[in-house]
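Thank you all for coming, and please have the sequence and the 3D view open while I talk.

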Amino acid sequence: MSTRDTDRDRAVEELLRRSLRDRGAASRPELCPDAETLAAWVDGKLKAAEIAAAEAHVSDCARCQAMLAALVRATPAVEHRIPWWRRGWVVGSLVPLTAGAIAAAIWIAAPDEARRATTDRFEAQAPAPQTVQVQPPQPPPPVEPRPSPDLADRTSALQKEMRPAAPDRERKAKSELDEMPRRDQAAAAPAAPPPPPAAAEALSAQAADLRERSALSRQGFAARDIASPDPSIRWRVGPSGSIQHTTNGGATWEALSSGVSEELTAGAAPSATTVWVVGRGGTVLLSTDGRRWQRVAFPERVDLVAVRADDGLNATITAADGRTFKTSDGGRTWSPLQEF
Amino acid sequence: MHAVRIDDRLAARLYERAGAERWRVAPAVFTEALSASAGRVFTDRDPGARELARVLESLHLEDLALALACAAGHDAAWEHFVREHRPLLYRSADAIDPGGGARELADSLYADLYGLNERGGQRQSLFRYYHGRSSLATWLRAVLAQRHVDRFRANRRVEPLLDEETPAVVAGAAPPDPDRPRFLTLIKAALAAAVARLTARDRVRLTFYYAQELTLAEVGRLTGEHEATVSRHLTRTRRALRADLERQLRDEMKLSEAEISQAFESVMDDPGTIDLGEILADRGESKKSAAPRSIR
């Protein structure tokens, strides 16, 4: 792909990000599908005609888009049951199955000598398993647009698609389930009655946090929260390398210098001082004091969308195309996780 | 709403399957609720017996029975609902707004679900809007999300936009290219036309991925597709949009190849937001009038 193509692809993505954010803001709420229809959509219970009608409305309605996005984020992935006839892998699996049947037919039909030669040739070409060794600093390769699944990525994605349950999805579901009891304990303590006066300070902090988020949202700052084991210490990351830090549960936020300009998409804080942050274009940041950030070399300039971390040495990162990479030495070396 | 008659034997079978007896829901009330649920699916016709049975059997019947009992003020049902669903509601509130802003909405939702308001001597519980088409859990999340978004949008309307950022003029910077504003206007107009020509599903994928910033897997939950499929569709749509933009700039707006490149560059230099609706209105086009086809 030429530089011109890359630049234009990035420009199109930038246009989409900025133009679709408030598209259809003037929609009339009385025309919107009700909560049960949207819920049934997310549960996979709408008929095809109803889905088409809902999509036609939602594609032009900013209110419903925001609602559905909030609903999807609030609904654990494990609760989603995509009917088998809507799963892409049912049709997609016909391709490799057909290819396999053809290969078997050729195998049976081909003469022994030709078959032996073919086998030898493949064995000679088979590469040995490799571990990605990162040698920082490296000259940056050309920036790839997001999403940019090339043929290899697509093949990898298709192979993953054929499996009934991808390991990373299971891990994510498990992670969410693990998270729930902790939040439940916090939720169960204060019952439905209004909060006592002693909680006024906490509510004030939450209100300040809400106002701050509202202001950031108006500026197009879609912040992603990173919680630490200490509830009062959090970070949030967003566009243009933005990182903010709070040590009082969100009452005030301090902007930190990340040293990068890429959009940051996710983070994980295994402790109150150790934080991993990932972003577009292979951006990986690590902080061991919660305030200063060190860029960690990553083997590919792909968009990174998720990170899990046990400590400052062990982390697993997921790319936008679904591949996962693991480090056990603080990001000096990365190994792609084999998922086939 | 279109009233659909429910056969007595079917109603009795579904009543038993829902466990409605546990909450002392009257069979007539349950049958009426089934009829209302069917009326929402079959809005303008009477379904055949098998089709009706299939739809009703697909309902979340146990949740429907629980909702009916709660709406009627059945104490044991309400206790069960609070025990089972309050943690879920709080988790959802935290997921919707990690800053805690949605928790008070979750609390206020309980008052509406319990039906503190009365009309004509009857409690008006929010449960009356639940018909069993989704799980009760997802419906509760949807109501919470709806209230959160409406509050956020209402706040946004009344708050003064004090912090609108104006691009700072950098001292000593090169003078701006006088053609840039024109190119930017042209490419925005071309984008508005190109997006209007996409199918609704393509626009849904683009919007939820680029504007709402859902992950590929989350977008796939809405479209019923695997994340790899969503990724392929996004790539295809983005390429089609770019091709459409280039075609419009070249053939309709008569720009040279160098000018087209400048137009794309102007996008990266411009920090502002883009209101496609406004652009379409200025061009005298409406999204409804645009040919609903996908660019491939």
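What you see is a predicted model, in which local features need pLDDT of at least 70 and side-chain atom pairs count only at pLDDT 80 or more, while totals for chains, interfaces and linings use all residues. Residues are numbered from 1 along each chain as its sequence is written, and chains are lettered from A and ligands numbered from 1 in the order in which they are written.

Let me take the chains in turn. Chain A has 10 helices and 12 strands, whereas chain B has 13 helices and two strands; these elements are DSSP runs, numbered from the N terminus, with helices being H or I of at least four residues and strands being E of at least two. Of the 340 residues in chain A, 37% count as buried, and in chain B buried residues make up 43% of 296. By buried I mean that 20 or more other C-beta atoms lie within 10 Å of the residue's own, with exposed meaning 12 or fewer and partly exposed anything in between, the C-beta atoms being placed from the backbone.

Contacts, for which two C-beta atoms placed from the backbone must lie within 7 Å, can also be sorted by sequence separation. In chain A, residues 24 or more positions apart account for 52% of the contacts with a separation of 6 or more; in chain B, among contacts between residues at least 6 apart, 69% join residues at least 24 apart.

Now to a sheet in chain A, where four strands form an open, antiparallel arrangement in the order β1-β2-β3-β4; two strands pair if DSSP finds at least two bridges between them. β1 (224-227) and β4 (254-256) of chain A stand at the edges with a single partner strand each, so one side of each is left without a neighbour in the sheet. Neighbouring strands here are turned by 30° against each other on average, direction ignored, the axes being lines fitted to C-alpha atoms, for helices over the stretch in contact, and angles in general running from 0 to 180 degrees between N-to-C directions.

Gln244(A) in turn stands opposite Ala255(A) in β4(A), where three bridges join β3(A) to β4(A).

In the loop between β1 and β2 of chain A we find Ser232(A), which counts as partly exposed because it has 14 C-beta neighbours inside 10 Å. Beyond its neighbours within four places in sequence, Ser232(A) is in contact with Thr247(A), Asn248(A) and Gly249(A).

A further open sheet in chain A, again antiparallel, runs in the order β9-β10-β11-β12, and its edge strands are β9 (304-309) and β12 (335-336), each pairing on one side only. Five bridges join β9(A) to β10 (residues 315-319) of chain A, among them the one between Val307(A) and Ile317(A).

Finally, the helices. In chain A, α4 (residues 62-74) is mostly covered, with 12 of its 13 residues buried, including Cys64(A), Met67(A) and Leu71(A). In chain B, the axes of α8 (residues 180-196) and α12 (residues 257-269) come within 8 Å and cross at roughly 90°, which makes α8(B) roughly perpendicular to α12(B), a label for angles of 65 to 115 degrees, where under 35 is roughly parallel, over 145 roughly antiparallel and the rest oblique. Phe183(B) and Leu184(B) are among the α8(B) residues at this contact, and Phe264(B) and Val267(B) are among those of α12(B).
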